[in-house]
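Here's a quick walk through one model, with the helices, charge pairs and nonpolar cores taken in turn. Have a look at the fold before reading on.

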Amino acid sequence: MKAGLSIAVALMFVCGVVSPLSAQTKKAPAAAPRKPPTPPKRPQQNPAKELDRFAKMPPEQQQKELAKLPAARRAVMEQRLDRYQKSTPEQQEKFKQRLEAMYNLPKDRQNAVREKIQQIRALPPAERKKALAGEDLKQNFSPDEQQLVRDGFPNMKLD
């Protein structure tokens with residue numbers, strides 16, 4: 001009986017020692033595979049400075065640089081560049097100032113100003129003047145933003 005008791009104690013001892021050890025050696029579940037870090041987005045260049053840089057390039061270099069841009073960005077840049085080059089130096093300066101002012105607005109306000117300009121452009125000409133002088137513009141836009149909207153209609157004289 002003594003032998004049976006010593007076997008039981010030895011078995012309990014072995015189980016008592018092995019059990020915590022086996023718990024410690026269990027591997028934790030593998031962590032979800034890590035995604036490679038996404039490269040940081042290139043900050044948008046100041047469009048006024050970018051336009052000025054493009055305008056100073058020879059035509060061959062302009063085309064080479066424009067070819068590197070995504071299609072949508074290229075179309076916008078070509079349109080701006082064309083309009084810019086066809087304007088007077090005074091108009092060019094005003095255009096650059098307007099681009100700079102838009103660039104300095106937070107993204108949500110840039111979008112709001114663009115949307116307002118599009119809404120007003122969609123109106124019949126007789127209604128545009130009312131919209132540009134209206135309370136909606138004054139209540140929902142800062143004075144600088146109002147000016148940007150109005151600058152979108154350079155031939156529209158407000159009394």
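How many salt bridges does the count come to? With a salt bridge taken as a side-chain nitrogen of Lys or Arg within 4 Å of a carboxyl oxygen of Asp or Glu, the count comes to 7 salt bridges.

Some ground rules before the details. This is a predicted model, where local features need pLDDT of at least 70 and side-chain atom pairs count only at pLDDT 80 or more, while totals for chains, interfaces and linings use all residues. Residues are numbered from 1 along each chain as its sequence is written, and side-chain values use heavy atoms, with hydrogens and water left out.

**Overall layout**

Helices here are DSSP runs (H or I, at least four residues) and strands are E runs of at least two, numbered from the N terminus. Of the 159 residues in the chain, 25% are buried. For burial, the cut-offs are under 20% relative accessible area for buried, over 50% for exposed and in between for partly exposed, with a 1.4 Å probe and protein chains only. Take the contacts (heavy atoms within 4.5 Å) with a separation of 6 or more: residues 24 or more positions apart account for 54% of them.

**How the helices pack**

Axes are lines fitted to C-alpha atoms, for helices over the stretch in contact, and angles run from 0 to 180 degrees between N-to-C directions.

| Helix pair | Angle | Axis distance |
|---|---|---|
| Helix 5 (residues 89-104) and helix 6 (residues 107-122) | about 130 degrees | 8 Å |
| Helix 2 (residues 47-55) and helix 5 | about 145 degrees | 7 Å |
| Helix 2 and helix 3 (residues 59-67) | roughly 135 degrees | within 9 Å |

Angles under 35 degrees count as roughly parallel, over 145 as roughly antiparallel, 65 to 115 as roughly perpendicular and the rest as oblique. Helix 5 packs on helix 6 at an angle of about 130 degrees, which makes helix 5 oblique to helix 6. R98, M102 and Y103 of helix 5 make this contact with Q110, V113, R114 and I117 of helix 6. By class, that is 4 nonpolar, 1 polar and 2 charged residues. In this scheme Ala, Val, Leu, Ile, Met, Phe, Trp, Tyr, Cys and Pro are nonpolar, Asp, Glu, Lys and Arg are charged, and the others, Gly among them, are polar.

On the helix 2 side, P47, A48, L51 and D52 meet F95, K96, L99, E100 and Y103 in helix 5. That contact splits into 6 nonpolar, no polar and 3 charged residues. With helix 3, helix 2 crosses at roughly 135 degrees, and the two are therefore oblique to each other. Here R53, F54 and A55 of helix 2 touch Q62, E65 and L66 of helix 3, giving 3 nonpolar, 1 polar and 2 charged residues.

**Charge pairs**

Side chains of opposite charge can pair when their charged atoms come close. In one case, D82 and K86 meet at 3.2 Å, N to O; D82 is partly exposed at 38%, whereas K86 is exposed at 66%.

K96 and E93 pair up with their closest N and O atoms 3.8 Å apart. Sitting 3 residues apart in helix 5, K96 and E93 are separated by about one helical turn. K96 is buried at 17%, and E93 is partly exposed at 38%.

E145 and R109 come to 2.9 Å, N to O. This pair links distant parts of the chain, with E145 in helix 9 (residues 143-151) and R109 in helix 6, 36 residues apart. E145 is buried at 6%, while R109 is partly exposed at 23%.

**Nonpolar cores**

A nonpolar core is a set of buried Ala, Val, Leu, Ile, Met, Phe, Trp, Tyr and Cys residues joined through side-chain atoms within 4.5 Å. Which residues touch the most other members of the largest core? Among its 13 residues, they are V113, I120 and V149. Helix 6, helix 7 (125-133) and helix 9 each supply at least two residues, and helix 6 gives the largest share, 4 residues. Leaving aside neighbours within four places in sequence, V149 contacts V113, K116, I117, I120, L132 and L137. Apart from this core lies another, of 10 residues, including L51, M77, L81 and Y84.
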